[in-house]
Amino acid sequence: MGRTATVATCALNQWALDFDGNLARILKSIEIAKYKGARYRLGPELEICGYGCSDHYYESDTLLHSFEVLAKLLESPATQDIICDVGMPVMCRNVRYNCRVIFLNKKILLIRPKMILANTGNYRELRWFTPWNRARFVEEYFLPRMIQEVTGQETVPFGDAVLATKDTCLGSEICEELWAPNSPHIEMGLDGVEIFTNSSGSHHVLRKAHTRVNVVNSATAKNGGIYVLANQKGCDGDRLYYDGCAMISMNGDTIAQGSQFSLNDVEVLVATLDLEDVRSYRAEISCRNLEASKVNSYPRIKVNFALSCSDDICVPTCEPIQWRYHSPEEEICLGPACWLWDYLRRSNQAGFLLPLSGGIDSSATACIVYSMCRQVCLAVKNGNQGVLADVRRIVNDETYTPEDSQEFCGHIFTTCYMASENSSQDTYNRAKLLAEQIGSYHINLNLDVAVKAIVGIFSMVMGRSPQFRVYGGSSRENLALQNVQARIRMVLAYLFAQLSHWARGMPGGLLVLGSANVDESLHGYLTKYDCSSADINPIGGISKTDLRSFIQYFMENFQLTALRSIISAPPTAELEPLADGQVSQTDEEDMGMTYTELSVYGKLRKMAKAGPYTMFCKLINMWKEICTPREVASKVKHFFRMYSINRHKMTTLTPAYHAENYSPEDNRFDLRPFLYNSTWSWQFRSIDKQVSNLESKEGKPVLEDVD
């Protein structure tokens, strides 16, 4: 009868410009899809060259090598008797497009260019590509000779069309097109397209997965149909972690769910679905059918192939499932851990070094590395030969098999407690106990001799010796003495990263991990070129509030009792002298605001696009139960002063895992000046006027200025 279609989608851990590896992973996904009975296979966006090529898209080499890989795919026996849908850049009439190339049995059926480009947040597609603006229009594309020799075709259709097989009709969307108000699937569905496909390059953000799932399911709930989504996974060379979640949906229900975090480079989902379920679902939606009678038709590319078998009456079909979401704490546990693993294995380094202070931030970073070790051991236990090969290469032992996460942690993770005369015994004990419990190779050192040497050089040259504030020094002296300690820690971290394995008789160097959270970066509460300066930072996009919740989760689920005292201790830099052996300095007192307040400021500044005046207007309502307008004004002004004074630090911020939409990361996500007029004179006067107006209405005496 021909009513059940078997389709496959996948999540691939592609790597920008790794044409050999990308080809191998694509071929493996096609082989798995065919083995599972699929007649159509969808891959991620730009999977041939890798999504994150950035300005390499300008290079003719990228286009050339993409076509060379396409030729290999067309020639491969693995791609026969299955419709293959792959992503690559294509230049047409000297214009570069982000395309899907759909082929069957050495014949290209259609090259479908992306029509709506992603150009917000981390995405810059308009920098490299042009959208195809000719809806429902197809032209002839002249193939490169290397492809002509394989396919025997001189030209192929290029443009906005759909595929009509013997049994159904398929239409393509590419990533951003799903999220647009006028998504192509709407009118494609009205024109009789039954299977929608979407190849994505969608990265992880905390608490985002449900949004993606809801958008996909709602696409088929309103209009009926089958929606097949593929996505990239892993770190393909920058700050983003693409989080998989390949899925198949039908008539508003999830049919198949892929993993969000995994060390498997290739993951394939296959589902068998009854096309008659789509037709009967649509039949009773009268408003949909009325609109369908008026829609302009898409060009149809006829395909002499079916996604179903002629005799499939006994073929079982897949039933709806309930999507299983990770909690934010689980996302922090797994996402950055997978990102670290990709970075480690692809950088050819021997492990990580972390300055471990015994505070929440560095402890959270240590826990994420430990989580990575757990994921590696689990993958090896489950038979992942690729992970095992990477492990053996990293530890330089062809016979080694990681079985215990603590033991493996000792091979690839070095922690270092860098004490000074201002460090407390409590933080020393907390760092030592946590290192013991996760199994890292732990170093204790004291940097006082280096600090005194550096300050001594200054005193010898300038003839004056700076003092801490508690000993009568000025604020400038106090800050300078703190910064010397912090910066020496960075120098020592890199020294030990380069030479500690050498000293232990082991090969290779270590990547230095940073541990500044997103709120500290937003405020600028860090020393430029201190321990926040590292090779990479797995928590740089995560808020202090979420890190505290993560530490609590990790303590409860992995029996790390050392975390109990860490989570209860007040955050402190430990850069000022102790008072009777106890810490006298705390982060929130230094900053003049709480971490909870910082998260609010960050979300309003970035996500709500609020300047000083708009932020004040929003907060006088949000905080009306706890603050007067004058107090709100003072808080807002203080935040913007500190933010603008310290914004220059974002230009040297360590590359960090992107996890929050209010990240101040200066590289491409949050583009702002780094030299501000920090008086904000006009903006602050606007706030003062509003405060005066509010106080006059309440009958309070009006003051001229708000500090």
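**Close-up A. Helix α10 passes helix α12 in a left-handed crossing.** A crossing is called left-handed if the near helix is turned anticlockwise from the far one by less than a right angle, and right-handed if clockwise. The model shown in every view is predicted, and local features need pLDDT of at least 70 and side-chain atom pairs pLDDT 80 or more, whereas totals for chains, interfaces and linings use all residues. Residues are numbered from 1 along each chain as its sequence is written, and side-chain values use heavy atoms, with hydrogens and water left out. Helices (DSSP H or I, at least four residues) and strands (E, at least two) are DSSP runs numbered from the N terminus. Helix α10 covers residues 328-347 and helix α12 residues 385-395, and the two pack at an angle of about 60 degrees with their axes 10 Å apart; the axes are lines fitted to C-alpha atoms, for helices over the stretch in contact, and the angles run from 0 to 180 degrees between N-to-C directions. That angle makes α10 oblique to α12, the word for what remains once angles under 35 degrees are set aside as roughly parallel, over 145 as roughly antiparallel and 65 to 115 as roughly perpendicular. From α10, the residues W341, L344 and R345 meet V387, D390, V391, R393 and I394 of α12, where contact means heavy atoms within 4.5 Å. By class, this contact has five nonpolar, no polar and three charged residues; Ala, Val, Leu, Ile, Met, Phe, Trp, Tyr, Cys and Pro count as nonpolar, Asp, Glu, Lys and Arg as charged, and the others, Gly among them, as polar.

**Close-up B. Helices α22 and α23 form a right-handed crossing.** The axes of α22 (residues 612-622) and α23 (residues 629-646) come within 9 Å and cross at roughly 140 degrees, and the two helices are therefore oblique to each other. On the α22 side, P612, M615, F616, L619 and I620 meet P629, V632, A633, V636, F639 and F640 of α23. The residues of this contact divide into 11 nonpolar, no polar and no charged. Also in α23 is M642, which is partly exposed at a relative accessible area of 22%, on a scale where buried means under 20%, exposed over 50% and partly exposed in between (1.4 Å probe, protein chains only).

**Close-up C. The side chain of Q437 makes a polar contact with the side chain of T561.** The distance of this contact is 2.7 Å, and a polar contact is a pair of N or O atoms within 3.5 Å; within protein, one atom must be able to donate a hydrogen and the other to accept it, and residues adjacent in sequence count only if both atoms are side-chain atoms. Q437 belongs to helix α14 (residues 425-438) and, at 16% relative accessibility, counts as buried. When neighbours within four places in sequence are left aside, Q437 is in contact with Q406, Q559, L560, T561 and A562.

Close-up D. Not counting residues up to four places away in sequence, E477 touches S465, P466 and Q467.

**Close-up E. S308 makes a side-chain polar contact with D167.** S308 is found in the loop between β16 (300-302) and α10, and is buried, with a relative accessible area of 9%. Its side chain and that of D167 are in contact at 2.5 Å.

**Close-up F. R207 and N396 each have a positive phi although neither is a glycine.** For R207 the phi is about 70 degrees, and this residue sits in the loop between β10 (195-200) and α7 (209-223), partly exposed with a relative accessible area of 39%. For N396 the phi is about 60 degrees; N396 is placed in the loop between α12 and α13 (405-412) and, at 56% relative accessibility, counts as exposed.
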